[in-house]
Every structure is written in C-alpha cells, then in structure tokens.
Amino acid sequence: MKLTLKSKVDADGKLLLQLPQHFANQELVIIISGVSEDKLPTPEELGYPADFFDKTAGKWEGEVLERENI
C-alpha cells in the first residue's frame, strides 16, 4: 500500500507524522523526498485560468457530499 503525506519540518528540524490507524503495529519503509514549492507548476502551467481555484474551491452549494468507504 502506498501513502503520500505532505508535511513541513519545523525550525528545529523535527517532522511529526501521524499515520492512519491501519498502519499500527506494522513495519514500514519511510521514503523522504524534498520538493521545493518553487518547482511546483502553477495553475496556468497546468492549463487552468489564473483565478480558477479562487472561483471554484469551496463554492459547492448543493447537498452535502459524503465520501464512500472503500
């Protein structure tokens, strides 16, 4: 199973990871990959208008959406 988490290291160089309960009592291999935010593509580079996410994120006005358990 693969799990991707994004977290920030604090000023003391500490990183706190809280994993879902189904990982309890398992041996895991943790891979750390640094990603510089200045290397992340902009919405425009991904083909979205500059204000797309500002206009759409959190704007749902219909019934409450619930995620199914999978």
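Lys-55 and Asp-51 form a salt bridge, in which the closest N and O atoms are 3.1 Å apart. The term denotes a side-chain nitrogen of Lys or Arg within 4 Å of a carboxyl oxygen of Asp or Glu. Side chains of opposite charge can pair when their charged atoms come close. The structure holds one salt bridge. Lys-55 is exposed, with a relative accessible area of 57%, whereas Asp-51 is partly exposed at 32%. In these terms, buried means under 20% relative accessible area, exposed means over 50%, and partly exposed lies in between (1.4 Å probe, protein chains only).

The model is predicted: local features need pLDDT of at least 70, side-chain atom pairs count only at pLDDT 80 or more, and totals for chains, interfaces and linings use all residues. Residues are numbered from 1 along each chain as its sequence is written, and side-chain values use heavy atoms, with hydrogens and water left out.

The secondary structure of the chain comes to one helix and zero strands. Helices (H or I, at least four residues) and strands (E, at least two) are DSSP runs, numbered from the N terminus. The radius of gyration of the chain is 18 Å, while a compact globule of 70 residues would have a value near 11 Å. This radius is taken over C-alpha atoms, and the globule rule is 2.2 Å times the number of residues to the power 0.38. Along the principal axes, the C-alpha atoms fill a box of roughly 40 × 35 × 25 Å. Of the 70 residues in the chain, 1% are buried. The chain exposes about 7700 Å², of which carbon and sulfur atoms supply 52%. Accessible areas come from the Shrake-Rupley method with a 1.4 Å probe; for residues, only the protein chains shown count as cover.

Three aromatic pairs are present in the structure. One of them joins Phe-52 and Phe-53 in an edge-to-face arrangement, with 5.0 Å centre to centre and 85° between the planes. Rings of Phe, Tyr and Trp (its six-membered ring) pair if their centres lie within 6.5 Å; planes under 30 degrees apart count as stacked, over 60 as edge-to-face and the rest as tilted. Phe-52 is partly exposed at 29% relative accessible area, and Phe-53 is partly exposed at 39%. Together with Tyr-48, Phe-52 and Phe-53 form one aromatic cluster.

The segment before α1 contains Phe-23. At 12% relative accessibility, Phe-23 is buried. Phe-23 touches Met-1, Leu-3 and Leu-28, not counting residues up to four places away in sequence; contact means heavy atoms within 4.5 Å. Phe-23 and Met-1 lie 22 residues apart in sequence, and their C-alpha atoms are 9.9 Å apart in space. Pro-20 is also found in the segment before α1 and is partly exposed, at 32% relative accessible area. Between Pro-20 and Leu-3, the separation is 17 residues in sequence and 9.6 Å in space, C-alpha to C-alpha.

Asn-25 has a positive phi of about 60° although it is not a glycine. Asn-25 is placed in the segment before α1 and is exposed, at 84% relative accessibility.

A nonpolar patch on the surface has about 760 Å² of accessible area, and its members include Leu-3, Leu-28 and Ile-30. Patches are made of residues with over 30% relative accessible area and no salt bridge: like charges are joined within 9 Å, nonpolar side chains (Val, Leu, Ile, Met, Phe, Trp, Tyr) within 5 Å. Ile-30 lies in the segment before α1 (52-56).
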